[in-house]
Amino acid sequence: MDMTEYIYPQLLFIIPFLNLTGWWLKHKTNVANKLIPLILGAVAVLLSTLYIHASMQTSVVESVGAGIIQGVFLAATAVYANQLTKTGKDET
């Protein structure tokens, strides 16, 4: 199964941004670790909605709906990638 079947390819640039944002939140702020995925989800939804509305010329309702779905997928992918790297480091 290809990830791009669910995530718009033009939004994939958001994943590394979310990883950097998560690192910054964890190491440079006093945000609780359990809140980081929620913050990343909100950021992903916001960025996705803005990008979709600006680039695809859709209505606000369509942009928000697609932005929520794409934002959740993007945040989940970023958090999953982070967990995979942490698990890989723990095994060695």
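# Close-up views of the model

**View 1. Glutamine 10 is partly exposed, because its relative accessible area is 33% (buried means under 20% relative accessible area, exposed over 50%, and partly exposed in between, with a 1.4 Å probe and protein chains only).** The model is predicted, so local features need pLDDT of at least 70 and side-chain atom pairs count only at pLDDT 80 or more, while totals for chains, interfaces and linings use all residues. Residues are numbered from 1 along each chain as its sequence is written, and side-chain values use heavy atoms, with hydrogens and water left out. The segment before α1 holds glutamine 10 (helices are DSSP runs of H or I with at least four residues, strands are runs of E with at least two, and both are numbered from the N terminus). With residues up to four places away in sequence not counted, glutamine 10 touches Tyr51 and Met56 (contact means heavy atoms within 4.5 Å). Serine 55 is 45 residues from glutamine 10 along the chain, and their C-alpha atoms are separated by 9.8 Å.

**View 2. The protein chain has 3 helices and 0 strands.** Read from the N terminus on, its elements run α-α-α. The C-alpha atoms fill a box of roughly 45 × 35 × 15 Å along the principal axes. The protein chain has 92 residues, and 25% of them count as buried. Among contacts between residues at least 6 apart in sequence, 59% join residues at least 24 apart.

**View 3. Helix α1 (residues 14–28) and helix α2 (residues 36–56) cross at roughly 145°, and their axes come within 10 Å.** The axes are lines fitted to C-alpha atoms, for helices over the stretch in contact, and the angles run from 0 to 180 degrees between N-to-C directions. On the α1 side, the contact is made by Ile14, Phe17, Leu18, Thr21, Gly22, Leu25 and Lys26. On the α2 side, the contact is made by Ile36, Ile39, Leu40, Val43, Ala44, Leu47 and Ser48. By class, the residues of this contact divide into 10 nonpolar, 3 polar and 1 charged (Ala, Val, Leu, Ile, Met, Phe, Trp, Tyr, Cys and Pro count as nonpolar, Asp, Glu, Lys and Arg as charged, and the others, Gly among them, as polar).

**View 4. Isoleucine 14, in helix α1, counts as buried because its relative accessible area is 1%.** Apart from neighbours within four places in sequence, isoleucine 14 is in contact with Leu47, Ser48 and Leu74. Isoleucine 14 and leucine 38 are 24 residues apart in sequence, and their C-alpha atoms are 15 Å apart in space.

**View 5. Histidine 27, also a residue of helix α1, is partly exposed at 47% relative accessibility.** Threonine 87 is 60 residues from histidine 27 along the chain. The C-alpha atoms of these two residues are separated by 18 Å.

**View 6. The largest pocket has a volume of about 330 Å³.** A pocket is an open set of points on a 1 Å grid over the protein atoms alone, where a 1.4 Å probe fits, with protein on both sides within 12 Å along at least five of seven lines; lining residues have an atom within 4 Å of a point. Of the 15 lining residues, the closest to the pocket centre are Gly22, Lys26, Ile36, Asn82 and Lys86. Each of α1, α2 and α3 (60–91) supplies at least two residues of the lining. With 6 residues, α1 gives the most. The lining has 7 nonpolar, 6 polar and 2 charged residues.

**View 7. Glutamine 57 has a positive phi of about 50°, although it is not a glycine.** Most residues other than glycine have a negative phi. Glutamine 57 sits in the loop between α2 and α3, and its relative accessible area of 66% makes it exposed.

**View 8. Serine 63, in helix α3, is buried at 1% relative accessibility.** Neighbours within four places in sequence aside, serine 63 is in contact with Thr49, Ile52, His53 and Thr58. Helix α3 also holds alanine 66, which is buried with a relative accessible area of 17%. With its neighbours within four places in sequence left aside, alanine 66 is in contact with Tyr8 and Ile52. The C-alpha atoms of alanine 66 and tyrosine 8 are separated by 9.8 Å, and the two residues are 58 residues apart along the chain.

Conventions
Points joined across faces, edges and corners; volume = space filled by probe spheres on them.
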